[in-house]
Amino acid sequence: MLLNHDPFDTFRALERLTGAARQQAASGMPMDAYRAGDHFVASFDLPGVDPGSIDVSVEGNALTVTAARTAPSGDGDYLVAERPRGRYSRQLVLGRDLDSDQLHASYTDGVLTLTIPVVEKAKPRRIEIEHGGAATTIEGARPEHSEEAPTS
């Protein structure tokens, strides 16, 4: 249903293997993705992001979320600066089972939530099975016994 594309994933895996510590979060845009009934939901943590800097776009089956987090204005020397800043982007490859034309986006309390309905043909459905007590006969399926003509 969804593929997550992260061009730096190989480097992050290498850091995990070598035990290298990171000073910043792995992504400036942590995400949860799940299916809720007939909808796919993706929630992105974007605290401190100006809602006007958030952009959600769909091109083909690629969904891209971009946002910018700026440093607070002020004249001061940081003692600790762990919160990621700058422009962040996350791209998801959507499956054919999602109706991206009906995508809904909302931003509340620092969380961007995208809700995409599952297309009707991909929704689970029950298949009725016909059954009956009588055997079904298909004509021509069994050859009839016939008397053979005498040979001379």
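Two strands pair if DSSP finds at least two bridges between them, and strands themselves are DSSP runs of E with at least two residues, numbered from the N terminus, while helices are runs of H or I with at least four. This is a predicted model, where local features need pLDDT of at least 70 and side-chain atom pairs count only at pLDDT 80 or more, while totals for chains, interfaces and linings use all residues. Residues are numbered from 1 along each chain as its sequence is written, and side-chain values use heavy atoms, with hydrogens and water left out.

**Exercise 1. Work out how strand 7 and strand 8 are joined, and what sits between them.**

Step 1: Count the bridges. Strand 7 and strand 8 run antiparallel and are joined by 5 bridges.

Step 2: Pick one bridge. H104 has T115 in strand 8 as its partner.

Step 3: Look at the loop between the two strands, where you'll find D109. D109 isn't a glycine, yet its phi is positive, about 50°. With 77% relative accessibility, D109 counts as exposed (exposed is over 50% relative accessible area, buried under 20%, partly exposed in between, with a 1.4 Å probe and protein chains only).

**Exercise 2. Find the strand order of the open sheet of 4 strands, then name the strands at its edges.**

Step 1: The order is 2-3-8-7, and the pairing is antiparallel.

Step 2: Strand 2 (31–36) and strand 7 (104–108) each have a single partner strand, so one side of each has no neighbour in the sheet. Those two are the edges.

**Exercise 3. Describe the largest nonpolar core and follow one of its residues.**

Step 1: Know the term. A nonpolar core is a set of buried Ala, Val, Leu, Ile, Met, Phe, Trp, Tyr and Cys residues joined through side-chain atoms within 4.5 Å.

Step 2: The largest one has 18 residues, and M29, F44, L46, L63, V65 and L112 have the most contacts inside it. At least two core residues come from each of strand 3 (39–45), strand 5 (62–69), strand 6 (86–94) and strand 8 (111–117).

Step 3: Follow L112. Beyond neighbours within four places in sequence, its contacts (heavy atoms within 4.5 Å) include A42, F44, I54, V65 and Y107.

**Exercise 4. Decide how far to trust the model.**

Step 1: The average pLDDT (the predictor's confidence in each residue, from 0 to 100) is 79, and 67% of the residues score at least 70.

Step 2: Over residues 21–25, pLDDT stays under 50. Where pLDDT is low, the predicted coordinates should not be read in detail.
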